[in-house]
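Dear colleague,

I am passing the structure on to you below, and my notes on what was found in it follow directly after.

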Amino acid sequence: MSSSFKFVFIGLISICSVGLFAQGYEADILRFSFNNYAGSARYVALGGAFSSIGADLSNFSHNPAGVGMYRNSIAQFSGGVNFANNRSTYLGNEETDFKLNLSIPSLGVVFATNKPSKNGMFRGATVGFAFNRLGEYNSSEKITALNTTPRSSISWNWANEMSDVYNGQFINETSVDQVSFNTYTGYYGFLANYDSSLLDYTSPVLDSVQQTRYVDSKGGKNEMVLALGTNYLDKLFIGASIGIPLINYSRESRFIEEDAAISDINTFFNEFELKEDYKTEGLGFNFKLGALYKVNRWVRIGGAFHTPERISFTERYSSNLTSDMDFDDFDIESGEGLFQYRVRLPWRANVGASLFFKEKGFLSVDYEAVGFNAMRYTFENDFRELSDDINANLKAKYKVSHSVRVGIEGVIKKFRIRGGYNYADSPIRKQFQVEGFNYSRHTISGGFGFMLDKVAVDFAYQHNVNKQFEQPYTVSNANVSGINRNTTQGLGIVTFSYKLR
């Protein structure tokens, strides 16, 4: 048996409970709100502590006042190698998966003049264009375990949704068109059935199952930035930038359940496999304004404010389920769903100070606040009430996050050596945190470089560790175990800079 159809995605979930639906959208908006502050090798090696340092293409996405410090026009290119290692624990069983990919962390060009204005106070103007990589979504994950909790199969999630949507009443099997894609395929795969004796929907999976899930994710968050800057008496540097964030994220997953009950309690069920294909693309804008001030030869201070990114998304989703029953095999396709919506990502504000040791190097410290509680979805027309419910949950669960970054650079003639550290606390309010898995992040970095007459070559490595908790699905009246995930990400970068004049 096979079936397929197409429809607008939101039409399927519009009347489902928010608890069944909102979790995926909450994870997406949080993913897109994190910036890893990758970029040029120098910027990465210093841990992103650049609010008061100045000239660097990556700083256009951090403190655009730095563009005003350029005295020469330059072209710059960075190439990188990323890896992501996920160590995931589910029902006491640990699995590890690894993924490696290439990227372009930063590239761009700067055109600078150093001609004073008529009154001699404003000294030159600078314009720059940069393409910076702010988020890396390439990863792979596997979980597998024996689930012995009765009635905790994911198929009970589908049975719960059928019951919620249709009020526990039998629905003609040709008219199941108001539930989510997965519940649709589960129903036609005989995994969410109507029991006339209970007057409700149930699953044939009553006891132990072997569960396995594979997830392969791809994509990233990039930003095209146009920055303008100038300086006043070589003391006060002012800059502004317009950013165009571009987000692409895709995820392919396989979820498998196999009958593992000792007896035949799982009735006519043998196994099933659910395949999901999800892809979303977003385009938006933001504005940044920054300033940097040279207090004297040894001390600089700086800061910037970023307006919330407003991004329009188009997402596509489809699923396919194959089920093996005693009486037949089934292959159910959902067709492709299309959904368009808008999001508002967090505002950001940073301040920093640096201490210079004549020609020997410097020490820089930055602080940044990120308004995760400002994250918002906008669904149009009939679905505004649903987005309002999701937004209320985001506002209640998330807070303003704080991070501290430290960078140090030593100079030995034309050689530079650098190190950095970055700590960001959890964006989740304490009452919603899972102990030990709260999305706080620790990042260490280091590198070195060579400065020649017209060419500079820099190298850097960034190492990021964070812990996350995921609830893969929920079932009424059953305890579904969560996934504890330890993620390690590494990024190696080489940057080439060439002085145009």
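The lining of the largest cavity divides into two nonpolar, five polar and four charged residues, where Ala, Val, Leu, Ile, Met, Phe, Trp, Tyr, Cys and Pro count as nonpolar, Asp, Glu, Lys and Arg as charged, and the others, Gly among them, as polar. This is a predicted model, in which local features need pLDDT of at least 70 and side-chain atom pairs count only at pLDDT 80 or more, while totals for chains, interfaces and linings use all residues. Residues are numbered from 1 along each chain as its sequence is written, and side-chain values use heavy atoms, with hydrogens and water left out.

Among the residues lining that cavity are E223, K288, E309 and R348, and its space comes to about 80 Å³. On a 1 Å grid over the protein atoms alone, a cavity is a set of points where a 1.4 Å probe fits but cannot get out, whereas a pocket is an open set with protein on both sides within 12 Å along at least five of seven lines, and lining residues have an atom within 4 Å of a point. Grid points are joined across faces, edges and corners, and a volume is the space filled by probe spheres set on the points.

The second largest pocket has a volume of about 1200 Å³. Its lining has 35 residues, of which R42, A55, E409, R416 and M451 are the closest to its centre. By class, that lining holds 13 nonpolar, seven polar and 15 charged residues. Strand 23 provides its largest share, four residues, strands being DSSP runs (E, at least two residues) numbered from the N terminus.

Best regards
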